[in-house]
Amino acid sequence: MSETQTAPITPEAYASGREVLLRAIGVQKHYQRGSETIRALKGIDLEIIEGEYLCIMGPSGSGKSTFFNMIGGLDSPTNGRIFIKGVDMAQLNAEELAFLRCRRIGYIFQSYNLSPVMTALDNVTLPMVFAGASADEARTRGMKILRRVGLEERWHHRPKEMSGGQQQRVAIGRALANNPSILLCDEPTANLDFKTGREIHQLLFDLNKNGGVTVICATHDWDMLAVSDRMVWIADGCIEKIEITKNIKIEKASMGGEDSHA
Amino acid sequence: MEHENLIQIRPQKNLPPRLTFMLVLRGIRYRLLRSSMTLAVITLAVVFFMSMLAGNAFLATVGNGVRKEIARERTAARLLTLVTAKPTSLGHTASLALLHHALASRDAAERAQAQAELALYVGASGMDAIEFRGLVDGAQREKLLLDFFAELDFARRKALLGRVEGRDALLLLTDEAVRGKFLHALAGMGTVRLPMHRDEFAAFEAGYAAYLERQARFMNAWNQTIDRAAPILAGLAGGASIDEALSVADPGAQARWKSALEACGFAVSAAELARVCDQLAWAKEREAVQRALSQPDKRKKWRQIFFEDPPNLQKMAMLGHPRVGPILGGRYSQAQRERIAARFRAETRLGELEKKVDERSGGERVEGLSSRQVFLIVISFLVCMVGIANAMLIAITERYKEIATMKCLGATDSFILNMFTMEAAFQGAAGGLLGTLLGFLVELARGSLSWGSTLYRYFPAADLGQVALLSFAVGIGIAVVAAIYPSWAASRMLPMEAMRVD
């Protein structure tokens with residue numbers, strides 16, 4: 001197991017000359033619950049390559065979400081360090097973290113988290129407003145992004161006038177607002193039916209392959225593997241295995257069995 | 001890591017207030033409806049505040065209006081006292097202290113009247129205006145101190161002054177050693193305060209003998225004026241008393257009276273004199289009617305017609321009834337009786353209003369809030385602020401996901417703080433507007449019930465405008481102050497919360 005924990009980046013990645021976007025070194029996280037110390041993460045090392053599509057999987061309670069939050073700059077490790085393009089996230093103050101979250105990372109949530117009082121366009125342009133874009137610029141760019149996610153016609157609709165799939169598209173559009181390097185998706189298809197989920201997968205795949213954005217996805221959805229490059233399996237606070245998805249596709253059926261007992 | 005090119009990271013800039021405002025404005029329609037609890041609490045607080053202030057404004061204007069009307073009704077009495085009575089020294093102190101008060105009145109008409117009275121006294125006293133003004137100021141201080149001594153309870157007065165009372169006490173205190181002891185004993189009593197500063201008190205006591213001498217001089221001069229006037233006025237009255245003569249004076253006679261009074265040194269305007277004559281005539285007429293109505297031999301007739309013999313005042317009010325005419329033996333026509341009854345009713349109503357004003361205001365002039373009202377308002381605001389803060393905290397806990405998501409999208413802590421404070425200001429504005437309106441309506445209804453049409457005669461529109469603006473501002477103010485803690489709590493929320501699934 002120990003050799004899989006420090007699994008090297010795929011040879012193809014190095015061969016393509018792409019750089020490491022995100023590097024986690026010995027990341028640990030301990031929580032204090034009463035007198036008991038909970039070790040949610042027990043030391044994780046991981047390198048994520050620019051432009052790859054990575055799935056983080058694992059049973060609930062495995063520390064998957066904790067690790068995921070740390071990558072996104074939402075939480076800080078007890079021990080260990082996380083670098084994003086060589087910048088140590090622990091060194092950043094609140095305003096710098098806000099800057100990072102605003103421009104470098106796009107977040108996609110399981111329950112979309114759109115503002116119910118804003119139209120699709122307003123939701124998409126909100127991060128641009130935070131980044132200091134002018135109203136005209138935000139509008140032009142927002143419409144372009146809505147076209148990209150296929151909702152140009154519905155720019156003036158509010159979230160409750162849209163289906164779940166459409167809301168998630170708006171949320172993806174919002175995540176793309178400031179051209180982030182990373183799209184961080186937390187179970188993006190968990191609230192969607194199979195067919196709509198697949199459309200979202202396709203969209204993310206498309207953004208990754210043609211838009212060059214790195215996608216990191218926490219998911220339970222085995223279907224997601226079909227579009228991803230690598231899969232990281234976290235269990236009990238450690239990386240249990242890292243697989244190139246191409247190699248495991250044939251094992252999908254048996255993995256499905258594993259999912260049910262996890 | 002040397003091969004990695006560092007990305008540029010700067011501190012996130014705060015959103016300018018204008019943009020924050022626009023963002024808040026965009027959602028406020030929905031928020032206001034959802035935060036009905038907060039809105040209700042703010043509205044209630046403002047209703048309370050507004051109705052209290054508006055009620056005071058009503059009481060103040062109606063009260064002052066009624067008092068002025070009554071003062072007008074007593075013009076005759078005032079003039080007659082002025083030209084015939086010789087007040088005592090203490091009486092002069094009281095009237096000069098009142099004059100001092102009127103000279104500083106907020107009401108321009110009252111101030112003008114006081115100025116005229118001052119000029120009259122100055123003319124009669126043989127002093128110059130400055131010297132007389134000094135006398136008026138001294139009278140005001142003397143009155144304050146005499147009232148202060150009179151209101152002390154027995155034990156304290158005895159401890160402070162022994163058995164000495166009134167002016168004797170003031171005379172005793174002109175001695176510096178006695179005064180020193182007195183002030184020391186007073187300081188030991190803690191809660192009892194002199195009605196003026198110690199230095200002012202010392203200055204007054206030092207000049208007390210001079211003041212008394214000056215007042216005596218004024219009194220002499222004034223008595224001489226009265227004495228000089230008496231034969232002239234008596235001659236004009238031609239045997240009858242002055243009020244008798246004035247009550248029947250026609251315009252020509254009134255003009256003669258006016259010039260005679262002015263020659264004696266009493267300035268009076270033609271309109272005022274006409275009013276005096278009218279009041280005296282009315283008093284005579286009323287007395288005659290009352291006497292006629294209460295004749296014992298008419299009792300049987302009253303019972304025959306109205307099944308009872310009502311009290312005199314009720315008889316006066318019923319004077320306009322067609323069947324009262326025969327009882328009076330046709331001495332008054334129907335039109336005459338109706339006129340007398342109407343004037344009597346108006347007079348009675350004025351008296352009732354005065355009583356009501358005195359009850360409500362405790363006999364004091366109503367200017368601003370009483371300390372009890374301030375206490376009630378402060379308590380109500382505190383309670384409301386706790387309520388608002390609580391309602392807002394709940395609202396913020398419910399909106400954790402929205403806040404955390406905004407933070408994920410690049411919102412800084414201070415943006416969240418500003419946003420929630422502005423939202424609170426909007427809620428405060430809405431609650432303030434609603435509360436001001438409701439409070440005004442409530443108070444208008446209450447005021448109409450207690451004052452009737454008098455309220456609309458003295459409607460304090462300008463004061464109410466000010467009060468309404470104030471309570472609107474108060475609505476915003478308490479909402480913003482109450483929102484400080486909840487907004488701060490919102491700004492501290494972790495962006496991680498956005499990931500939570502419930």
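Fifteen residues, written 15 in the count, line the second largest cavity, and those nearest its centre are A:Arg101, A:Cys102, A:Ile105, A:Arg174 and A:Ala175. Helix 4 (94-103), strand 6 (105-108) and helix 7 (164-175) of chain A are the elements that give two or more residues to this lining. Helices (H or I, at least four residues) and strands (E, at least two) are DSSP runs numbered from the N terminus. The lining of the second largest cavity divides into nine nonpolar, two polar and four charged residues. Here Ala, Val, Leu, Ile, Met, Phe, Trp, Tyr, Cys and Pro count as nonpolar, Asp, Glu, Lys and Arg as charged, and the others, Gly among them, as polar.

The model is predicted: local features need pLDDT of at least 70 and side-chain atom pairs count only at pLDDT 80 or more, while totals for chains, interfaces and linings use all residues. Residues are numbered from 1 along each chain as its sequence is written, chains are lettered from A and ligands numbered from 1 in the order in which they are written, and side-chain values use heavy atoms, with hydrogens and water left out.

**Cavities and a pocket**

On a 1 Å grid over the protein atoms alone, a cavity is a set of points where a 1.4 Å probe fits but cannot get out; a pocket is an open set with protein on both sides within 12 Å along at least five of seven lines, and lining residues have an atom within 4 Å of a point. Grid points are joined across faces, edges and corners, and a volume is the space filled by probe spheres set on the points. The count comes to five cavities of 30 Å³ or more.

| Space | Volume |
|---|---|
| Largest cavity | About 100 Å³ |
| Second largest cavity | About 70 Å³ |
| Second largest pocket | About 660 Å³ |

The second largest pocket is lined by 29 residues, and A:Gly61, A:Lys64, A:Ser65, A:Thr66 and A:Asn69 are the closest to its centre. Strand 1 (20-33), strand 2 (36-49) and helix 3 (64-71) of chain A each give two or more residues to this lining, and helix 3 of chain A has the largest share, five residues. By class, the pocket lining has nine nonpolar, eleven polar and nine charged residues.

The largest cavity has 14 lining residues; closest to its centre are A:Val117, B:Leu23, B:Arg31, B:Glu402 and B:Glu423. At least two residues each come from helix 1 (17-34), helix 20 (400-408) and helix 21 of chain B. Helix 1 of chain B gives the most, six residues. The lining of the largest cavity has seven nonpolar, two polar and five charged residues.

An automatic or database domain assignment sets the domain bounds. For chain B these are domain 1 (17-67 + 370-499), domain 2 (74-234) and domain 3 (306-368). Taken over C-alpha atoms, the centres of domain 2 and domain 3 of chain B are separated by 38 Å.

Helix 21 (residues 413-451) and helix 23 (residues 461-491) of chain B pack at an angle of about 150°, with their axes 6 Å apart. Helix 21 of chain B is therefore roughly antiparallel to helix 23 of chain B. Axes are lines fitted to C-alpha atoms, for helices over the stretch in contact, and angles run from 0 to 180 degrees between N-to-C directions. Angles under 35 degrees count as roughly parallel, over 145 as roughly antiparallel, 65 to 115 as roughly perpendicular and the rest as oblique.
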